[in-house]
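Subject: Structure handover

Hello,

Please find the structure below. Notes on what was found in it follow.

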Amino acid sequence: MPEAVGVIQTLGFPGVLAAADAMVKAARVTLVYYDLAERGEFIVAVRGPTSEVVPAVKAGVEAAEKTFGCSLITYYVVPNPPENIVDVMSIGYTELSERFRT
């Protein structure tokens, strides 16, 4: 079954931390990517079935918006990313994230 990708980008670390925490607690998703985007912007990505990623991203957005000093830059869900996108953008499951796969 194809898996969706959900991404949230915030300005400031506390917001992306709150978003990541809310996403993995709200639905059966696996955190597959986290990094500093640019100029203090952080990005976090989760993977899982589309029916799980959509509510996870919604919960992450709400958590980021409630975090003091955080600015939500953007968020999006890609329901069925092609395999070449997964390979090039480092959003596939890694050896480290595989053991947490739901």
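Glu3 is buried, as its relative accessible area is 13%; buried stands for under 20% relative accessible area, exposed for over 50%, and partly exposed for anything in between, with a 1.4 Å probe and protein chains only. This is a predicted model, in which local features need pLDDT of at least 70 and side-chain atom pairs count only at pLDDT 80 or more, while totals for chains, interfaces and linings use all residues. Residues are numbered from 1 along each chain as its sequence is written, and side-chain values use heavy atoms, with hydrogens and water left out.

Glu3 sits in the segment before β1 (4-11). Helices (H or I, at least four residues) and strands (E, at least two) are DSSP runs, numbered from the N terminus. Apart from neighbours within four places in sequence, Glu3 is in contact (heavy atoms within 4.5 Å) with Arg47, Gly48, Pro79, Asn80, Pro81, Tyr93 and Arg101.

Val53 belongs to helix α2 (residues 50-66). With a relative accessibility of 0%, Val53 counts as buried.

Phe68 is in the loop between α2 and β4 (71-78). This residue counts as exposed, because its relative accessibility is 83%. The C-alpha atoms of Phe68 and Gly15 are 7.9 Å apart, and the two residues are 53 apart in sequence.

Next, the salt bridges. A salt bridge is a side-chain nitrogen of Lys or Arg within 4 Å of a carboxyl oxygen of Asp or Glu. Searching the whole structure gives two of them.

- Asp21 and Lys25 form one through their side chains, at 3.1 Å from N to O. They are about one helical turn from each other, because they are four residues apart in helix α1. Asp21 is partly exposed at 35% relative accessible area, and Lys25 is exposed at 65%.
- Arg39 and Glu41 form a salt bridge with an N to O distance of 3.6 Å. Arg39 is exposed, with 67% relative accessible area, whereas Glu41 is buried at 10%.

There is also a nonpolar surface patch of about 420 Å², made by Phe13, Leu17, Val24, Leu31 and Tyr34. Patches consist of residues with over 30% relative accessible area and no salt bridge, where like charges are joined within 9 Å and nonpolar side chains (Val, Leu, Ile, Met, Phe, Trp, Tyr) within 5 Å. Accessible areas come from the Shrake-Rupley method with a 1.4 Å probe; for residues, only the protein chains shown count as cover. Helix α1 (13-26) and strand β2 (30-38) each supply at least two residues of the patch, and α1 has the largest share, with three. Phe13, one of the patch residues, is in helix α1 and is partly exposed at 36% relative accessible area.

As for annotation, an unreviewed UniProt entry lists residues 4-90 as "domain: BMC". UniProt positions are given in the numbering used here, feature names are shortened, and annotations may be inferred rather than shown by experiment. Over residues 4-90 the chain is 43% helix and 38% strand, with 14 Å between the end C-alpha atoms.

Regards
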